[in-house]
Amino acid sequence: VYIDILENKVLGREFKKGLQEGERAILGRLIEKRFGALPFWAGQRLTAASTAQLEQLATRVLDAASLEELLGSPSV
């Protein structure tokens, strides 16, 4: 019997949420290692990012020249 946990209405949602939080945590550490401490606005952008956006950021973090290039300019 094969059961895909991602297809489960309850467990799948929680599993995906856990994966997203893990991606966000790792990406945050990578960004801090590359650019220094995250300013408040950058932390907000990471918190609001979808799984797909986090994956895109993860592929760009090593090539970005600045935090602003990676996440966009801070809102004033």
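Guide: A helix here is a DSSP run of H or I at least four residues long, a strand is a run of E of at least two, and both are numbered from the N terminus. Heads-up: this is a predicted model, so local features need pLDDT of at least 70 and side-chain atom pairs count only at pLDDT 80 or more, while totals for chains, interfaces and linings use all residues. Residues are numbered from 1 along each chain as its sequence is written, and side-chain values use heavy atoms, with hydrogens and water left out.

Visitor: Which helix is the place of Gln20?

Guide: Gln20 touches Ala49, Ser50, Thr51 and Leu54, leaving out residues up to four places away in sequence (contact means heavy atoms within 4.5 Å). Its own place is in helix H1.

Visitor: Does Gln20 count as buried or exposed, and at what relative accessibility?

Guide: Buried means under 20% relative accessible area, exposed over 50%, and partly exposed in between, with a 1.4 Å probe and protein chains only. Gln20 therefore counts as buried, at a relative accessibility of 19%.

Visitor: At what angle do H1 and H3 pack?

Guide: Axes are lines fitted to C-alpha atoms, for helices over the stretch in contact, and angles run from 0 to 180 degrees between N-to-C directions. For H1 (residues 11–35) and H3 (residues 51–60), the axes are 10 Å apart and the angle is about 30°. Under 35 degrees counts as roughly parallel, over 145 as roughly antiparallel, 65 to 115 as roughly perpendicular and the rest as oblique. So H1 is roughly parallel to H3, with that angle at about 30°.

Visitor: Is the crossing of H1 and H3 left-handed or right-handed?

Guide: A crossing is left-handed if the near helix is turned anticlockwise from the far one by less than a right angle, and right-handed if clockwise. The one between H1 and H3 is left-handed.

Visitor: Which residues of H3 make the contact?

Guide: On the H1 side you'll find Gln20, Glu23, Arg24 and Leu27. Across from them on H3 are Thr51, Leu54, Glu55, Leu57 and Ala58.

Visitor: How many residues does the largest nonpolar core have?

Guide: A nonpolar core is a set of buried Ala, Val, Leu, Ile, Met, Phe, Trp, Tyr and Cys residues joined through side-chain atoms within 4.5 Å. Those with the most contacts inside the largest one include Leu27, Ile31 and Leu46. H1, H2 (40–48), H3 and H4 (67–71) each supply at least two of its residues.

Visitor: What is the relative accessible area of Leu27?

Guide: Leu27 lies in helix H1. Neighbours within four places aside, Leu27 is in contact with Leu46, Leu54, Leu57, Ala58 and Val61. Leu27 is buried, with a relative accessible area of 2%.

Visitor: Which residues does Arg60 touch, not counting those up to four places away in sequence?

Guide: Arg60 is found in helix H3 and is partly exposed, at 37% relative accessible area. The residues that Arg60 touches are Glu69 and Leu70.
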